[in-house]
Amino acid sequence: MTGTVASLASAAALALLARLEDKSALQPINATSHWLHGEKAAKCDELDVTHTLIGFATHYASAVFWAVPFEIWRARRRPVSASTILRGASTTAAVAAVIDYGVTPKRFTPGWELVLSKRSMVIAYAALALGLASGGKLAECLTGGH
């Protein structure tokens, strides 16, 4: 649940940010398929299976990946206030950004840098943090652990 909400929140933010930068809403997700298609994936501005589906699947898997350590952290701190959850989600997103763009080989970065400004990328990671926090709270409510 947490990874799904984080994925959808960050994908929506990426689409909006791309439009604000006069790009196609699909370009940041399509660019995520650059691990398979190379940098030309960032130029794809239409919905298609080879870029959009692979890009979104990669994006989704990444969000679920980052939700795992966040949920482990959250499980060890129950009950958790909303501000503590947001702080933990923000820390998780910051670590994700550092690893994505500071450690990961260029071919395996999210690819957003091929389409978006650095400012928009920071906002996208903030959306990831909000998605992690919201998804964590939603999962908690659904399992009866308000």
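Which hand does the crossing of α5 and α6 have? The crossing is right-handed. Handedness here follows a set rule: a crossing is left-handed if the near helix is turned anticlockwise from the far one by less than a right angle, and right-handed if clockwise. The helices themselves are DSSP runs (H or I, at least four residues; strands are E, at least two), numbered from the N terminus.

This is a predicted model, in which local features need pLDDT of at least 70 and side-chain atom pairs count only at pLDDT 80 or more, while totals for chains, interfaces and linings use all residues. Residues are numbered from 1 along each chain as its sequence is written, and side-chain values use heavy atoms, with hydrogens and water left out.

Stay with α5 and α6. Helix α5 covers residues 82-103 and helix α6 covers residues 118-142. Their axes come within 8 Å and cross at roughly 135°. Axes are lines fitted to C-alpha atoms, for helices over the stretch in contact, and angles run from 0 to 180 degrees between N-to-C directions. The pair α5 and α6 is therefore oblique. The classes are: under 35 degrees, roughly parallel; over 145, roughly antiparallel; 65 to 115, roughly perpendicular; the rest, oblique.

Contact means heavy atoms within 4.5 Å. On the α5 side, the residues that meet α6 include Ile 85, Leu 86, Ala 89 and Tyr 101. On the α6 side, Met 121, Tyr 125, Leu 128 and Lys 137 are among them. The residues of this contact divide into 14 nonpolar, two polar and two charged. Ala, Val, Leu, Ile, Met, Phe, Trp, Tyr, Cys and Pro count as nonpolar; Asp, Glu, Lys and Arg count as charged; the others, Gly among them, count as polar.

Helix α6 also packs with α1. The angle is about 150°, with the axes 7 Å apart. Helices α1 and α6 are therefore roughly antiparallel to each other. Their crossing is right-handed. From α1, the contact includes Val 5, Ala 9, Ala 13 and Leu 17. From α6, it includes Ile 123, Ala 127, Gly 131 and Gly 135.

Next comes α4 against α6. These two pack at an angle of about 60°, with their axes 11 Å apart. Helices α4 and α6 are therefore oblique to each other. Helix α4 passes α6 in a right-handed crossing. Helix α4 brings Ala 63, Trp 66, Ala 67, Phe 70, Glu 71 and Arg 74 to this contact, and α6 brings Leu 128, Leu 132, Ala 133, Gly 136, Ala 139 and Glu 140. The residues of the α4 and α6 contact divide into eight nonpolar, one polar and three charged.

Now turn to single residues. Ser 33 sits in the loop between α2 and α3. Ser 33 is buried, at 0% relative accessible area. Buried means under 20% relative accessible area, exposed means over 50%, and partly exposed lies in between (1.4 Å probe, protein chains only). A polar atom of the Ser 33 side chain lies 2.6 Å from the backbone oxygen of Asn 30. Beyond four places in sequence, Ser 33 touches Ala 41, Thr 50, His 51, Ile 54 and Gly 55.

Two of those partners deserve a look. Ala 41 lies in the loop between α3 and α4. Ala 41 counts as buried, at 0% relative accessibility. Ala 41 and Val 115 are 74 residues apart in sequence and 9.9 Å apart in space, C-alpha to C-alpha. His 51 is in helix α4. His 51 counts as buried at 13% relative accessibility. A polar contact of 3.3 Å joins the side chains of His 51 and Thr 50. Such a contact is a pair of N or O atoms within 3.5 Å; within protein, one must be able to donate a hydrogen and the other to accept it, and residues adjacent in sequence count only if both atoms are side-chain atoms. Leaving aside neighbours within four places, the contacts of His 51 include Ile 29, His 37, Ala 41 and Cys 44.

Two exposed loop residues remain. Phe 108 lies in the loop between α5 and α6. Phe 108 is exposed, with a relative accessible area of 54%. Phe 108 touches His 34 and Trp 35, not counting residues up to four places away in sequence. Asp 22 is in the loop between α1 and α2. Asp 22 is exposed, at 71% relative accessible area. Asp 22 has a positive phi of about 60° although it is not a glycine.
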